[in-house]
Amino acid sequence: MAFSHHDNSVSSLSGPGGSTFRTYDLETGHLTLEKQLHSPLDGRLHKPQNLGISILRSTYPPVNSTPLFALTNGDSVARLGRETGETVWTWNSPDQGSLILYSHVIADPSTVYVVGLAKSFASYTLHVTTWSATTGEAIASVNTPANIKNGLSTFVAFSSSPEPDITQAVAWLEDGALKAAILTLGVKYDKIQDFDLSTNGQFLAIRDRGATHVMHLDAQRSSFRPIWEFVDVAPSKAHSNSHFVGSLSRDGGPRVARVYWSNVHSRAVHETLSIQLSEGKGSVSGYAFPFQTLDHGIVRHVAFDGSSTGETHENTRVLLTTTTGSIQLWQHDKMQWVREEALASIQVAEFIELPEKKVVTSHAVDEEGYFGRLQRQLSDAKNLPQYLANFARRFATGSYATVSASATSSSDEDTLTRDAFGFRQIIVAATSHGKLFGIDSSNGRVLWSRVLGLGWAAKVGGTIIPVKMFVTRTVNDPEGPQIVLVTQRRADNSLVDTVLFHVNALTGDDVREEDSSTRGQALQGFDAIQGPLIDIFMLPSENRTIAMLDEYLQVRLYLETPSFEA
């Protein structure tokens, strides 16, 4: 039915469906090995008789002991040891030959290919299945577009040589025209990705363990080949997930940028791959830059200017967008500008009154001498001329501050104080990107910003959705102005919680627990309800207590005080 020879031996498959495997000594004709691969009663009879039966002896040094690959019944493949005939691994087609009938076996040092015909309404099409030559792990099973009318007489499977550039291919006749397809590399990939170099013939192929290959379309061979491998790309404790983006240099050469966060260095890392297609090689160089992940979240998208690259990275430009809605342009390790686009998606906001400017007065102390008292009085009277001039001007002309006057303080020692009519305030705004801002209403300047932490959901991922904001303390309270932001935390595992953030409106500090050691970290909230929120409102009392209604119609209170409970 089928045979293969190597050195001084020849191996064959015979019997119904290729049920019996034998090896003969080529010089003497003696039978040296015999093994039954399946029962003759289970053999399938096809016409011609050798249909679905094939044997291939691998002659590639990387595969140990030159194993044999046997195709039997048109739907089973086994790897056999040459010396003992021991079965290393086997594979059986899921459809048992009802839809696909395999007829050809070809291999390279790492991969086994079986090619057969798949049934369709009007004709046959080609089907290719691949496995790892050493483990038998299935790699891929795909159809190759074809329109074959006459079955086996119009297609062949073959390999090119010499090593190491071995290419597997299939050729067939279609309406008298000769067509061929190059079989892809026997490497299992999880996904492929375009990184802006598809018009130049490059794309990314990512394996299941994180290794990423930069693939290139070889026009001369009409096939793809990897030109570079980024190892250790999968996210780990040492670094985050990587962002890949491509661009062309000034001379038209492809450049690939990889940007990721390093937990070891607490900085973002930028690597640039320079590819020399004519030489078939590449080189990688990189640097770290001080991206502030605690202020701007996680990098979500990267754009790369390949024409800015050179022998050094001093002019390399990268545009980043983050999970908090920030857009940043970096040139090497210096940020050129930043735009907080999250302010275009404000969900809730409140105006906070500013305190009046404090007047510092001095008081006499006990046992104050004559010269000490004179010095204190002169110091207290230093603003007397300006006060008298302003008083005379207002008395004579009736000129006071007007509503059209700017609310912005012109003092270089500007502090957060109100203007004459109270127009200058702080706008506390929460955005859909999980960030809280304190904004000066007089000039739009961002006074402070805090990233809203996910709490326990940081391990699985999630989003913070602002629902309501309450002013719980004002400038008239000893604690100063404070706000409470009510949010819904939706974790990626579908759990929903109600989380409160209690913040000092003037500084953005956490009122509940924050100290100097945690000021630079994400703002962590208080888990008020383990579940969704039905309704929320503030009770009309001087304590400004917040009442929340959960999904079970139970009332939860925040800012409980002994006087309120009484």
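The model is predicted, so local features need pLDDT of at least 70 and side-chain atom pairs count only at pLDDT 80 or more, while totals for chains, interfaces and linings use all residues. Residues are numbered from 1 along each chain as its sequence is written, and side-chain values use heavy atoms, with hydrogens and water left out.

The protein has four helices and 38 strands. Both are DSSP runs, numbered from the N terminus: helices are H or I with at least four residues, strands are E with at least two. Of the 566 residues, 42% count as buried. Buried means under 20% relative accessible area, exposed means over 50%, and partly exposed lies in between (1.4 Å probe, protein chains only). Contact means heavy atoms within 4.5 Å. Among contacts with a separation of 6 or more, 42% come from residues 24 or more positions apart.

Strands of a sheet pair through backbone hydrogen bonds, either parallel or antiparallel. Here, two strands pair if DSSP finds at least two bridges between them.

Strand β22 (residues 267–276) has two antiparallel partners described here. Eight bridges join β22 to β21 (residues 254–262), and S262 stands opposite R267. β21 and β22 form a hairpin with four residues between them. In that turn, S266 has a positive phi of about 55 degrees. Nine bridges connect β22 to β23 (residues 281–289), with E271 opposite G286. Strand β22 is mostly covered: eight of its 10 residues are buried.

Q488 is found in strand β33 (residues 482–491). Its relative accessibility is 9%, so Q488 counts as buried. The side chains of Q488 and T498 are joined by a polar contact of 2.8 Å. A polar contact is a pair of N or O atoms within 3.5 Å; within protein, one must be able to donate a hydrogen and the other to accept it, and residues adjacent in sequence count only if both atoms are side-chain atoms. Leaving aside neighbours within four places in sequence, the contacts of Q488 include T463, I465, V496, D497, G531 and L533.

A pair of aromatic rings is described by the distance of the centres and the angle of the planes. Rings of Phe, Tyr and Trp (its six-membered ring) pair if their centres lie within 6.5 Å; planes under 30 degrees apart count as stacked, over 60 as edge-to-face and the rest as tilted. By this rule the count comes to eight aromatic pairs. The ring centres of F69 and W89 are 6.2 Å apart and the planes are at 45 degrees, so this pair is tilted. F69 lies in β6 (residues 68–72) and W89 in β8 (residues 87–92), so the pair ties together parts that are 20 residues apart in sequence. Both F69 and W89 are buried. Ring pairs link F69, W89, W91, Y102 and W131 into a cluster.
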